[in-house]
Amino acid sequence: MSKQKLLFAASEVYPFAKSGGLADVAHSLPRALSTEYDVRVIMPLYQFVDRGLFGIKSLGEPFDVFMGGIVYPVELYACNYEGLEYRFVYSPLLCDREFLYGPPDSGYEDNAMRFGLFNYAMLALLKREKYAIAHLNDWQSALLPLLLNKEKTIQTKTLFTIHNLAYQGTFEMAALKTLGIDDAYATMDGLEFYGQINFMKAGIAYADAITTVSPTYANEILTAEFGCGLEGFLQHHRSKLVGIVNGIDTEHFSPSEDKALVSTYVDLRGKAVNKSAYLKETGLKGPRKPLFIFIGRFTWQKGMDLLIEALSKIASQECNISILGEGEERYHAALKTIADTHDNIHLEFGYDESLSHRMYASADFLLMPSLFEPCGLAQMIAMHYGQIPVVHHVGGLADTVHHYKEFDAKRAEGYGIVFSKPSSASFLEAVDEALVLYETKARYNKIVKHNMLCDFSWQESAGSYLRLYEKMTEKRSRG
Ligand code: ADP
């Protein structure tokens, strides 16, 4: 029997475009799902995507997409990359931009129209080809369930995954008209949100099922503390919400095969070669000192205020610290001021995939003091590369990192240093524990080796998604 078709939609997919973990998930999860489904991953064909490098070709003449009474020419492109089929939506309005969503610190003013068009283009595709499931990710593809609700004739079932509730796609009410959506949908039960429209609400209200990226985050978003104003709405729809923890692509992130590394490795001796090379590269001194790293977006969410508050104190200890990231200007400035006066802090602004791999391979500890964390991939990558993460007990960090004091070699879960209060004092205590643990070499090594052998792949979570798809499509066939 031929496989049913699955459309997996995201606004960023590695290696074509990436600003964070969503791109990693949209790269690796569809691969794991392709054993059971005939998958097409679909994303916008941003102008900076290298068409030549990936062999991205047009699927034919542009066609017209009607949105809010205006006709937009849209062209579909395709490529097969590492055995998986990709579809790309090209339209000048959506794609001809320097950034994915807007310059740092802001979004493009016409993002409602840009991503509205992306959703209409997917609707057009669903009219042409029969898909059993459309798996939609974050606000940029959250309008499709509403468009299907309007349409009524297409049988495709929709799953909406929330990767980060802090980004909801809210726009002025006037955008409703340009999106061609009737006022009837602009209610509290639909996409109205404090006098604005909210794309994420459309996904939550009209998708057949909703997931978020860890079980703990699935519970947290039902509370005022983490619900970003949508907690009541999510509670209303909680019967269709489940948390499924993300995995990592253990082929792309594999210390024994990673081409970005100075030297691939399977044990701590091999890892030390990478650390020496990295210290040389950055000018940091002292291979025996523990190396702490931070890799991520410089936003409030990632605990940047805690990190900045604690940084000088951490640096006053016998250790090295290396930070890679980009984001809000105020954090750039604060980090630079501290790094300028400490020669054991190395700071790199920007986004550099290959450098991040070298850092994962070199460091002893990953710092991840996130205030909230839907799932987080960096901590899993770090453990897989032989590090001990220092994390705040929240969201997916709580599900994937267990406190090292409860270490049990028989349990197939990763261990780290877990602190429970999001304060710089608790964070500093955790860092102190890390320094002590580093000196207790036998114990440190045992935990690191255990972390390296843990299974952080998609294996189990892909199974959960497949069971969910099955349940969604069963309902349909039973009528
Ligand atoms: P996010 O909230 O940004 O999605 P995750 O931990 O889920 O956080 O995923 C972040 C992903 O992006 C990881 O693969 C991490 O290594 C990568 N990453 C983040 N910032 C950078 C950067 N500046 N350079 C390279 N990779 C980065």
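Author: A salt bridge here is a side-chain nitrogen of Lys or Arg within 4 Å of a carboxyl oxygen of Asp or Glu. This is a predicted model, in which local features need pLDDT of at least 70, side-chain atom pairs count only at pLDDT 80 or more, and totals for chains, interfaces and linings use all residues. Residues are numbered from 1 along each chain as its sequence is written, and side-chain values use heavy atoms, with hydrogens and water left out.

Reader: How many salt bridges does the structure hold?

Author: There are 17 salt bridges. One of them joins the side chains of Asp 38 and Arg 40, with N to O at 2.9 Å.

Reader: What does Asp 364 form a salt bridge with?

Author: Its partner is Lys 275, and the closest N and O atoms are 2.7 Å apart. Asp 364 sits in the loop between H13 and strand E17 (365-368) and Lys 275 in helix H10 (residues 268-282), so the pair ties together parts that are 89 residues apart in sequence. Helices (H or I, at least four residues) and strands (E, at least two) are DSSP runs, numbered from the N terminus. Asp 364 and Lys 275 are both buried.

Reader: And Glu 413, what's its partner?

Author: Glu 413 pairs with Arg 411, the closest N and O atoms being 2.5 Å apart. Glu 413 counts as buried at 19% relative accessibility, and Arg 411 as partly exposed at 39%.

Reader: Switching to the ligand. How many residues surround it?

Author: The ligand is surrounded by 21 residues, and the closest are Gly 21, Asp 24, Arg 297, Lys 302 and Tyr 360. A residue is near a molecule if one of its heavy atoms lies within 4 Å of it.

Reader: Which classes of residue are in that shell?

Author: Eight are nonpolar, seven polar and six charged.

Reader: Where does the ligand come up against Gly 21 and Tyr 360?

Author: An oxygen atom of the ligand lies 2.6 Å from a polar backbone atom of Gly 21. For Tyr 360, an N or O atom in the side chain is 2.6 Å from an oxygen atom of the ligand. The ligand taken alone exposes 560 Å², and the protein buries 92% of that. Those areas come from the Shrake-Rupley method with a 1.4 Å probe.

Definitions and conventions:
A polar contact is a pair of N or O atoms within 3.5 Å; within protein, one must be able to donate a hydrogen and the other to accept it, and residues adjacent in sequence count only if both atoms are side-chain atoms. Ala, Val, Leu, Ile, Met, Phe, Trp, Tyr, Cys and Pro count as nonpolar, Asp, Glu, Lys and Arg as charged, and the others, Gly among them, as polar. Buried means under 20% relative accessible area, exposed over 50%, partly exposed in between (1.4 Å probe, protein chains only).
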